[in-house]
Protein chains: 2
Amino acid sequence: MRTSKLLISTLKETPADAEIVSHQLMLRAGLIRRLASGLYTWMPMGLRVLRKTEAIVREEMNKAGAQEVLMPSVQPAELWQESQRWEKYGPELLRITDRHQREFCYGPTHEEVITDLVRQEIRSYKQLPVNFYQIQTKFRDEIRPRFGLMRAREFLMKDAYSFHVDQASLQQTYDDMYATYTRIFQRIGLNFRAVQADTGSIGGNASHEFHVLASSGEDAIAFSNASDYAANVELAEAVKPAGARPAASATMQTVDTLHKHTIEDVSSFLKVPASQCVKTLLVEGAEKNSVVALVLRGDHELNEIKAEKHPLIAAPLTFVTPEQVHEATGANIGSIGPVGLTIPMVVDHAAAHIADFVCGANEDEKHLTGVNWGRDCPEPETADLRNVVAGDASPDGQGTLEIARGIEVGHIFQLGENYSSKLNAVVLTETGQSQVITMGCYGIGVSRVVAATIEQNNDENGIIWPQAIAPFEVVLVPVNAHKSQRVRDEAEKIYQQLLAAGVDVLLDDRGLRPGVAFADMELIGIPHRLILGERGMDNGVIEYKHRASGEADEFALDNVLEAIQQKLAQ
Amino acid sequence: MRTSKLLISTLKETPADAEIVSHQLMLRAGLIRRLASGLYTWMPMGLRVLRKTEAIVREEMNKAGAQEVLMPSVQPAELWQESQRWEKYGPELLRITDRHQREFCYGPTHEEVITDLVRQEIRSYKQLPVNFYQIQTKFRDEIRPRFGLMRAREFLMKDAYSFHVDQASLQQTYDDMYATYTRIFQRIGLNFRAVQADTGSIGGNASHEFHVLASSGEDAIAFSNASDYAANVELAEAVKPAGARPAASATMQTVDTLHKHTIEDVSSFLKVPASQCVKTLLVEGAEKNSVVALVLRGDHELNEIKAEKHPLIAAPLTFVTPEQVHEATGANIGSIGPVGLTIPMVVDHAAAHIADFVCGANEDEKHLTGVNWGRDCPEPETADLRNVVAGDASPDGQGTLEIARGIEVGHIFQLGENYSSKLNAVVLTETGQSQVITMGCYGIGVSRVVAATIEQNNDENGIIWPQAIAPFEVVLVPVNAHKSQRVRDEAEKIYQQLLAAGVDVLLDDRGLRPGVAFADMELIGIPHRLILGERGMDNGVIEYKHRASGEADEFALDNVLEAIQQKLAQ
């Protein structure tokens with residue numbers, strides 16, 4: 001492709017309303033343009049990236065034996081009423097009334113439609129398992145669309161739905177999809193983690209999210225440095241410390257801590273690390289009008305999801321009022337602690353594992369030092385109440401945890417009989433019995449993958465595309481070609497040679513000043529750049545620059561194809 | 001692909017609600033399934049056809065230098081208000097209100113969105129011409145969706161929009177698109193015609209429809225047997241007969257024609273051909289309260305579009321009441337004619353070219369024979385008032401016309417400044433002036449092409465796909481494979497061999513009775529069939545059958561690949 005045949009709309013300024021780097025760079029590089037809130041046009045340069053991403057997804061889904069279909073984007077309300085989601089889904093479901101006053105929606109997902117198809121087309125267990133997928137435009141009427149394609153209203157999605165006679169078959173396809181997603185994100189060239197996700201009432205190992213690691217990610221991910229264990233920080237288990245608690249060595253003493261009400265204040269005032277302090281939080285108990293104390297190490301954060309699952313604690317988790325704190329402890333919030341408390345108490349495993357610790361004295365403006373469990377207060381009831389932190393042992397026993405932020409780009413989920421039972425999707429078993437089908441579903445946000453890739457791969461000059469989904473693999477920039485026939489001729493020759501060899505090359509024939517052309521191509525993020533100029537030609541060479549590493553090289557003019565192919569193969 | 005990995009849902013019975021053959025066969029062959037009125041799911045087998053069709057369209061558009069983009073399907077009302085189509089478009093525009101009560105529509109077309117993009121991104125005449133296209137799901141809220149994908153509500157469309165500084169540039173891209181469409185439909189393997197279309201107020205050679213010829217087509221197309229002239233019958237010019245009118249040879253006589261009120265009755269009663277009779281129709285004149293007589297040959301049909309363009313005649317064309325007929329002629333409708341009429345009269349060229357003709361006598365139950373223009377009534381004012389018929393001279397002077405029915409699958413149109421002026425899409429010219437952009441648009445109904453292909457290519461056994469868009473090019477059916485290990489092994493060997501050579505082959509491993517498997521594959525319409533059985537293997541051969549011609553053949557087992565490649569290349 002020649003730039004003269006391609007609309008290149010780069011912007012020098014960062015658009016004011018673009019908050020995250022992928023949104024900024026997609027606008028600046030001219031990959032997308034905004035039509036309305038949450039609605040974007042893919043420009044020619046951007047669409048090349050989207051289509052390459054889509055092609056990788058399609059190839060891998062086909063390899064996994066999934067069958068591509070294409071369902072209508074507009075779906076009748078009746079099916080959503082059958083699944084009981086018409087009311088439940090809320091205002092993110094874009095509802096539509098047609099000219100005959102019949103209700104429809106613009107599908108954000110297709111469980112109902114595919115289940116309706118399967119209940120009509122599939123009769124026998126012999127036709128199962130089967131896995132249908134589509135790559136399609138979806139709509140979700142976000143209340144506040146933002147971050148460009150990261151949280152757009154209209155977006156491109158790959159959604160797949162599998163159907164099974166039993167859980168074992170579902171598990172097999174689920175595992176296949178896990179492996180397929182892994183291959184897809186590896187082929188694209190992403191640093192990602194498959195993260196155990198909250199499965200709600202279904203339980204088990206039944207849902208994974210695939211997260212691209214990037215500092216702008218909305219979710220905090222904990223993952224092992226030695227295995228493929230990964231989980232959302234909110235869900236990652238904080239392993240009980242191994243070994244016995246250190247023995248008490250200090251005497252409990254009361255110290256004045258006037259105006260020191262936070263862990264930070266107390267620890268710096270007393271010159272003890274936060275990990276040697278405990279913090280006490282009072283919440284509503286499960287039993288009516290009861291109050292429960294939660295105790296954590298000073299450097300740890302309460303995990304509310306874990307806390308509210310504890311049988312003593314009310315869900316949703318509710319902190320009690322300052323008045324209730326005073327009533328239960330005799331002190332204000334900044335000075336409370338486990339010693340002498342008469343209310344039920346749940347202590348995080350890590351907090352229960354320290355000796356000689358500091359805590360509030362249950363007397364205003366006083367703390368206790370040298371406190372020990374089992375001596376100064378009872379041996380506590382313990383539980384996992386905290387968020388994991390970097391350096392924690394991995395729950396699978398292999399290595400320690402690291403924490404990173406992640407962007408969810410894929411989700412695989414064992415649906416079980418949730419939709420099939422409501423829509424009465426059944427097959428006849430080997431023995432002639434009617435049996436509800438077991439389902440799985442598997443999504444990839446294709447347009448989101450493009451944005452997430454940029455979040456992970458950029459620098460101050462622009463996007464750094466992984467080669468697999470770059471709009472072009474190579475750009476050839478002839479320098480001052482308008483002044484030099486021989487540069488023009490040689491550029492054309494090399495361009496034709498690369499094209500003929502199947503290299504995905506862009507010839508920059510705009511005749512811009514070299515600096516401007518280079519800046520554009522760095523912003524757009526093409527992985528390999530060739531620069532042809534008079535000076536190089538005099539020496540029989542063409543310059544090469546690698547976008548990601550900045551590495552520069554020179555290729556002999558009679559060896560350009562081989563040299564670039566070598567770079568492409570690396 | 002193996003049939004065991006592909007949902008094949010053929011139906012024996014023709015669904016009751018499917019009126020046309022493509023709809024019937026797409027359902028019976030399991031290519032599509034209905035979700036709701038005008039909404040269809042593409043099944044795996046059908047989607048293969050759609051994707052192949054789409055790929056041909058994309059390749060040819062790219063070759064023509066068009067740039068692919070992807071615009072949102074949901075469009076803000078504001079843009080449609082700017083173009084004044086929000087009110088005009090009527091109930092076919094599916095209007096949507098989002099959660100913030102803002103108005104949108106599900107785009108049936110994208111002139112507004114692309115013009116909005118261009119007015120923002122393109123500033124200079126140097127960036128023109130440019131041609132953007134997309135292949136996208138559209139929605140048109142048909143009042144009575146029917147004929148399956150022929151008139152569905154949700155459908156796949158290729159829409160392109162070109163932008164120019166002047167008419168000459170537009171004409172060049174228009175001509176390129178004409179050639180591109182011709183290549184697309186040729187590659188698919190369709191018998192089609194590019195038909196001059198009504199251009200409304202724009203005029204000139206500014207719009208062509210591409211019609212697939214098929215007996216079920218909604219439009220009647222007239223085309224030359226000797227040139228590429230083609231036009232909708234409603235628009236095709238009926239050429240004025242050449243040469244002089246034959247001389248009068250008969251005397252005018254009045255004959256009783258009791259109860260003979262139609263041309264058919266009169267012509268058979270008097271034993272003269274209908275082409276020797278004239279019929280007279282009275283319509284409202286352009287002048288208030290006036291009545292005008294239209295005279296046509298008895299075998300010709302009035303063309304209302306042509307008639308109402310005549311300056312003497314009121315538009316829309318309105319026939320007068322029986323009372324008015326009697327008042328103007330003294331007779332009832334079945335007995336009127338041009339002789340002695342005092343109202344203005346317009347005579348079709350062909351009717352004005354006959355001598356010794358028969359017409360009503362303007363006296364009830366009587367006709368005149370041997371009537372001649374210029375002798376028995378004045379030399380008439382003539383005009384082109386009729387539909388062309390097969391055998392008419394082609395208006396371009398080459399050959400004669402044939403008439404066929406056509407299905408519109410593509411449309412190219414010179415929009416001029418219609419949208420660009422309303423949306424103020426301008427560029428700076430070479431002299432620094434601001435100038436409104438000139439536009440063209442170019443559509444192909446991709447899903448409609450699939451249906452139209454079936455309308456043109458089918459027989460009593462099912463679909464006959466042109467090879468280019470067949471779901472598979474070849475099907476290999478092993479006969480009674482469940483009983484024969486050597487048939488299974490040999491089938492697998494041949495399947496792998498064809499696959500490795502890039503042949504798009506389906507292995508029917510369902511183990512159905514041969515007759516059932518064959519019937520399925522004929523219904524689905526795979527162009528080339530290979531049948532492997534014990535008997536053939538004993539003779540070292542595999543049977544071959546060509547779907548379209550029914551031609552049978554045998555290939556040596558050690559030569560299957562070469563033999564099938566030869567068939568594919570034919």
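1. A polar contact is a pair of N or O atoms within 3.5 Å, where within protein one atom must be able to donate a hydrogen and the other to accept it. By that rule, the side chains of B:Glu111 and B:Thr109 are joined by a polar contact of 2.6 Å. The model discussed in this note is a predicted one.

2. B:Glu111 is part of helix α5 of chain B, which covers residues 111–121. The residue counts as buried, its relative accessibility being 6%. Leaving aside residues up to four places away in sequence, B:Glu111 touches B:Arg85, B:Tyr161, B:Leu415, B:Tyr419 and B:Cys441.

3. How are the two chains related? Two copies of a chain are related by a rotation about an axis and a shift along it. Here chain B is superposed on chain A by a rotation of 180 degrees with 0.0 Å of shift along the axis, at an RMSD of 0.1 Å. That is the relation of a two-fold axis. The residue of chain B that comes closest to this rotation axis is B:Ile96, whose C-alpha is 2.9 Å from it.

4. The contact between the chains involves 55 residues of chain B and 55 residues of chain A. In chain B, the residues that lose the most area to chain A are B:Leu35, B:Leu70 and B:Arg99, which together make up 16% of what that side buries. About 4,400 Å² is buried between chain B and chain A, and carbon and sulfur atoms give 60% of that area. Because 100% of the interface residues of chain B are also interface residues in chain A, the copies meet through the same surface.

5. Polar groups also take part in the interface. Between chain B and chain A there are 24 residue pairs in polar contact, both residues being at pLDDT 80 or more. On the side of chain B that touches chain A, helix α2 of chain B (residues 44–63) gives the most, with five residues. The count of salt bridges between the two chains is six.

6. Side chains of opposite charge can pair when their charged atoms come close. One such pair is B:Glu68 and A:Arg51, whose side chains meet in a salt bridge of 3.1 Å, N to O. B:Glu68 lies in strand β3 of chain B (residues 67–68) and A:Arg51 in helix α2 of chain A (residues 44–63), so the pair joins two chains. B:Glu68 is buried, at 11% relative accessibility, whereas A:Arg51 is partly exposed, at 23%.

7. Another salt bridge is that of B:Asp98 with A:Arg153, with the closest N and O atoms 2.9 Å apart. This pair joins two chains as well, because B:Asp98 lies in the loop between β5 (94–97) and β6 (103–106) of chain B and A:Arg153 in the loop between β7 (130–139) and β8 (154–164) of chain A. Both B:Asp98 and A:Arg153 are buried.

8. Over all chains, the structure holds 80 salt bridges. Within chain B, the side chains of B:Arg386 and B:Asp392 meet in one at 2.8 Å, N to O. B:Arg386 is buried, with 5% relative accessibility, and B:Asp392 is buried too, with a relative accessible area of 12%. Elsewhere, salt bridges that share partners link A:Arg51, A:Glu54, A:Arg58, A:Glu68, B:Arg51, B:Glu54, B:Arg58 and B:Glu68 into one network.

9. How many disulfides does the structure hold? The number over all chains is zero. A:Cys441 is in no disulfide, and the nearest cysteine sulfur, that of A:Cys105, is 16 Å away. A:Cys441 counts as buried at 13% relative accessibility. B:Cys105 is likewise in no disulfide; the nearest cysteine sulfur, that of B:Cys441, is 16 Å away. B:Cys105 counts as buried at 0% relative accessibility.

10. B:His528 belongs to strand β28 of chain B (residues 528–532). This histidine counts as buried, at 2% relative accessibility. Its side chain makes a polar contact of 2.7 Å with the side chain of B:Tyr544. Not counting residues up to four places away in sequence, B:His528 touches a set of residues including B:Gln467, B:Glu473, B:Lys545, B:Ile564 and B:Leu568. B:His528 and B:Leu568 are 40 residues apart in sequence, and their C-alpha atoms are 8.2 Å apart in space.

11. Is helix α11 of chain A, residues 446–456, buried or exposed? Eleven of its eleven residues are buried, so the helix is largely enclosed by the rest of the structure. Among the buried residues of α11(A) are A:Arg448, A:Glu455 and A:Gln456.

Technical notes
Residues are numbered from 1 along each chain as its sequence is written. Chains are lettered from A and ligands numbered from 1 in the order in which they are written. This is a predicted model: local features need pLDDT of at least 70, side-chain atom pairs count only at pLDDT 80 or more; totals for chains, interfaces and linings use all residues. Side-chain values use heavy atoms; hydrogens and water are left out. Copies are superposed by least squares on the C-alpha atoms of residues with pLDDT of at least 70 in both. Contact means heavy atoms within 4.5 Å. A disulfide is a pair of cysteine sulfur atoms within 2.5 Å. Buried means under 20% relative accessible area, exposed over 50%, partly exposed in between (1.4 Å probe, protein chains only). Buried area is the accessible area (1.4 Å probe) that two parts lose on being put together, summed over both. A salt bridge is a side-chain nitrogen of Lys or Arg within 4 Å of a carboxyl oxygen of Asp or Glu. Helices (H or I, at least four residues) and strands (E, at least two) are DSSP runs, numbered from the N terminus.
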